[in-house]
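Please look at the sequence and the three-dimensional structure shown below. The paragraphs that follow lead through them step by step, beginning with a single residue.

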Amino acid sequence: MHQAPQTSPPSQAPQVTPTGPQPEPIRFFGTTWLNHDGSYTTRRAAVTAGSLAALVASCLLLRLAYEGLQLAAVGGFVSILVVVMFAVCSALAFGHTWGAYTKRPDPARQSSLRGLLTIGFLGSLAAYFLRSLKEAPGESLHREEYTTARHQYDRRTAKRTRNPAKRRPRP
């Protein structure tokens, strides 16, 4: 019996472990936000359209819920209370979500505001939509952190060319 010669798999280049800080991935974008490569533009358009669609669908859902309150004839006070509650919670959620794109939120505060953010989901969706018009939501925060970490890493790993103790004073 004749056996076919076995071919070895093509040699794969050794995987180089990147040194230094790595960019943190952003939901829906991965690390394409760093160089705006890959399908970054397409993803941003899709995220913008998706968040707008979710915002519109949520508004329609709240409209149906309000009409349900009207059909149940719960009274004017309860209807006004529900509208004010959603308006205030949405405004607070918008502010919190918008602020989270420029600085990291405190985890303890985040967990204590979970209920408010859930009720004010319209504000969070609106903030996400508006931010996605400018950049990937959270991109500026991640870019700032990555640039700072990269700069610190480069300073720590820079090689000295001479002995600083023997440096001559500048005239």
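The walk through this predicted model begins at His96, which has its place in helix α2. Is His96 buried or exposed? With a relative accessible area of 13%, His96 counts as buried, because the limit for that term is under 20%. Leaving aside residues up to four places away in sequence, His96 touches Pro105, Arg109, Gln110, Leu113 and Leu117.

Helix α2 covers residues 76-100, and Phe77 is also found in it. Phe77 has a relative accessibility of 65% and therefore counts as exposed. Together with Val74, Val78 and Leu81, Phe77 forms a nonpolar patch on the surface, and the accessible area of these residues together is about 370 Å².

The secondary structure of the protein consists of six helices and zero strands, so that the order of elements from the N terminus reads α-α-α-α-α-α. Of its 171 residues, 24% count as buried. The protein exposes about 12,900 Å², and 61% of that area is supplied by carbon and sulfur atoms. Among contacts with a separation of 6 or more, 74% are between residues 24 or more positions apart.

Leu122 lies in helix α5, residues 121-134, and is buried, with a relative accessible area of 17%. Although Leu122 and Val56 are 66 residues apart in sequence, their C-alpha atoms are 9.2 Å apart in space. Not counting residues up to four places away in sequence, Leu122 touches Leu55, Ser58, Cys59, Leu62 and Ser90.

One of these neighbours, Cys59, is partly exposed at 40% relative accessible area. Another cysteine, Cys89, is buried at 9%. In general, a disulfide is a covalent bond between the sulfur atoms of two cysteines. How many disulfides are counted here? The count comes to zero.

In soluble globular proteins, nonpolar side chains tend to be buried together. The largest nonpolar core of this model has eight residues: Ile26, Phe29, Trp33, Leu34, Tyr40, Val47, Ala136 and Tyr146. Tyr146 touches Trp33 and Leu34, and also Pro21, Gln22 and Pro23, when residues up to four places away in sequence are not counted.

Charged residues complete the picture. Side chains of opposite charge can pair when their charged atoms come close. The count of salt bridges comes to six. In one of them, the side chains of Glu67 and Arg63 meet at 3.2 Å, N to O. Both residues lie in helix α1, residues 40-72, four residues apart, which is about one turn of the helix. Glu67 is partly exposed at 32%, as is Arg63 at 47%.

Helix α6, residues 139-157, contains Arg143 and Glu139; because they are four residues apart, about one helical turn separates them. They form a salt bridge whose closest N and O atoms are 2.9 Å apart. Arg143 is partly exposed at 27% relative accessibility, whereas Glu139 is buried at 4%. Finally, Glu24, Arg104 and Glu145 are linked in a network of salt bridges.

Definitions and conventions: Residues numbered from 1 in each chain as written. Predicted model: local features only at pLDDT ≥ 70, side-chain atom pairs only at ≥ 80, totals over all residues. Heavy atoms only, no water. Patch = residues over 30% accessible without salt bridge, like charges linked within 9 Å, V, L, I, M, F, W, Y side chains within 5 Å. Areas by Shrake-Rupley, 256 points an atom, 1.4 Å probe, with all protein chains shown as cover. Salt bridge = Lys/Arg side-chain N within 4 Å of Asp/Glu carboxyl O. Helix = DSSP H or I, 4+ residues; strand = E, 2+ residues; numbered from the N terminus. Buried < 20%, exposed > 50% of the residue type's maximum accessible area, 1.4 Å probe, protein only. Contact = heavy atoms within 4.5 Å. Disulfide = S-S within 2.5 Å. Core = buried A, V, L, I, M, F, W, Y, C linked by side-chain atoms within 4.5 Å.
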